[in-house]
Amino acid sequence: MNLDFDSDWLRLREPLDDAARAVGLAWAFGRILPAHPMIIDLGAGTGSNVRQLAMKLGRGEQDWTLIEKDRKLLAKAPGEIGRWADRNGWEHKEQRRAYMITCDDMAVRVEMRSFDLAQDPAELGLNQYDGITAKALFDLVSQPWLERFVKELAGCGYPPLLATLTVDGRVEFSIPDEDDGFVLDLFHTHMGRAKGLGGPALGMAAPGVLVATLTAAGYKVEKAQADWKIGPKQIAAHLAMIAGYERAAIEQDPGSAARVHAWAGRRRHLASEQGARLLVGHLDLLARR
Ligand SMILES: C[S@@+](CC[C@H](N)C(=O)[O-])C[C@H]1O[C@@H](n2cnc3c(N)ncnc32)[C@H](O)[C@@H]1O
């Protein structure tokens with residue numbers, strides 16, 4: 001299956017992710033890393049994880065490798081990272097196929113690597129890295145993919161893994177609608193469709209399977225909830241979520257299109273006119289030896 005993530009959507013979700021993430025786990029991840037860590041970020045999109053983590057790791061020099069199969073997203077990473085550096089008043093420049101961000105007490109080097117995670121994980125060369133990160137990736141993978149990946153981690157000496165913003169299936173609208181359950185059931189079934197990573201996607205089962213697989217392999221796992229709390233100020237994200245639920249539910253059951261469209265219309269009204277809020281549950285997790 002071809003799965004495209006829209007850069008506009010990734011940009012819209014970035015502040016939600018930033019507000020949601022369990023900062024204590026990011027700090028704890030930073031403390032495990034050496035003074036000048038090499039970090040690999042899987043399913044990197046346009047590099048959001050670098051932007052959110054670089055200042056939380058307490059490490060002045062950092063080398064990041066962004067792994068992403070969508071070349072269009074990867075091509076946007078330098079621009080997004082450059083704008084982030086500009087907003088903070090830092091210097092940035094392209095240097096030998098990498099991007100450098102510098103300020104008084106920090107130097108962050110970011111390299112982009114086009115790579116399909118469906119390939120053998122041994123080709124990632126994980127043993128060269130001090131830490132592994134991934135944001136909003138593990139609900140897309142299958143159980144066999146995860147097992148192979150975790151086996152590779154164990155074989156590479158158990159590098160620490162910071163896996164954030166994995167959906168756990170909790171969706172709560174502050175003003176309920178009678179068809180919320182109907183549409184969300186279709187949506188969550190749709191999430192289980194294969195995404196090209198070894199079979200049916202884990203979807204909302206991902207947090208539990210991730211914890212169990214890492215623990216069985218010998219990792220110690222700490223976890224924390226990292227929920228999106230979408231209120232009237234995040235109306236664009238709320239409307240995008242409704243559109244996403246609507247699209248997926250209809251794809252899952254085209255015969256229910258009229259009912260799903262009607263639900264989405266009511267939900268848009270509740271969000272835009274009545275200030276309805278939306279909570280989307282996620283789990284952040286830090287795995288270490
Ligand atoms: C939900 S997005 C998250 C992107 C980014 N981590 C962020 O938080 O903004 C999932 C990302 O995983 C990438 N992805 C999905 N399947 C992949 C694969 N087989 N190999 C590499 N990247 C993949 C997608 O292209 C997308 O950028």
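This is a predicted model: local features need pLDDT of at least 70, side-chain atom pairs count only at pLDDT 80 or more; totals for chains, interfaces and linings use all residues.
Local features need pLDDT of at least 70, side-chain atom pairs count only at pLDDT 80 or more, and totals for chains, interfaces and linings use all residues. Residues are numbered from 1 along each chain as its sequence is written, and side-chain values use heavy atoms, with hydrogens and water left out.

**Exercise 1. Find how many cavities of 30 Å³ or more there are, and describe the lining of the largest cavity.**

Step 1. On a 1 Å grid over the protein atoms alone, a cavity is a set of points where a 1.4 Å probe fits but cannot get out. Lining residues have an atom within 4 Å of a point.

Step 2. Count. There is one cavity of 30 Å³ or more. The largest cavity holds about 480 Å³. Volume here is the space filled by probe spheres set on the points, with grid points joined across faces, edges and corners.

Step 3. Read the lining. It has 27 residues; Phe5, Gly43, Glu68, Leu137 and Leu140 lie nearest the centre.

Step 4. Assign elements, using DSSP runs numbered from the N terminus (helices, H or I, at least four residues; strands, E, at least two). Helix H1 (7–20), helix H3 (48–53) and strand E2 (61–68) each supply at least two lining residues. H1 has the largest share, three residues.

**Exercise 2. Identify which residues come nearest the ligand, and state where the ligand sits.**

Step 1. Locate the ligand. It sits in the largest cavity (more than half of its atoms lie within 2 Å of the grid points).

Step 2. List the neighbours (a heavy atom within 4 Å). There are 20 residues around the ligand, and Gly43, Glu68, Asp116, Leu117 and Lys135 come nearest.

Step 3. Check polar contacts (pairs of N or O atoms within 3.5 Å). Glu68 places a polar side-chain atom 2.5 Å from a ligand oxygen atom. For Lys135, the distance to a ligand oxygen atom is 2.7 Å from a polar side-chain atom. Asp116 has a polar side-chain atom 2.8 Å from a ligand nitrogen atom.

Step 4. Check burial. Alone, the ligand exposes 580 Å², and the protein buries 99% of that (Shrake-Rupley method, 1.4 Å probe).

**Exercise 3. Determine which element gives the most to the lining of the second largest pocket.**

Step 1. Define it. A pocket is an open set with protein on both sides within 12 Å along at least five of seven lines.

Step 2. Size it. The second largest pocket has a volume of about 200 Å³.

Step 3. Compare elements. H1, H3 and helix H4 (71–88) give two or more residues each to this lining. H4 gives the most, five residues.

How values were computed: A polar contact is a pair of N or O atoms within 3.5 Å; within protein, one must be able to donate a hydrogen and the other to accept it, and residues adjacent in sequence count only if both atoms are side-chain atoms.
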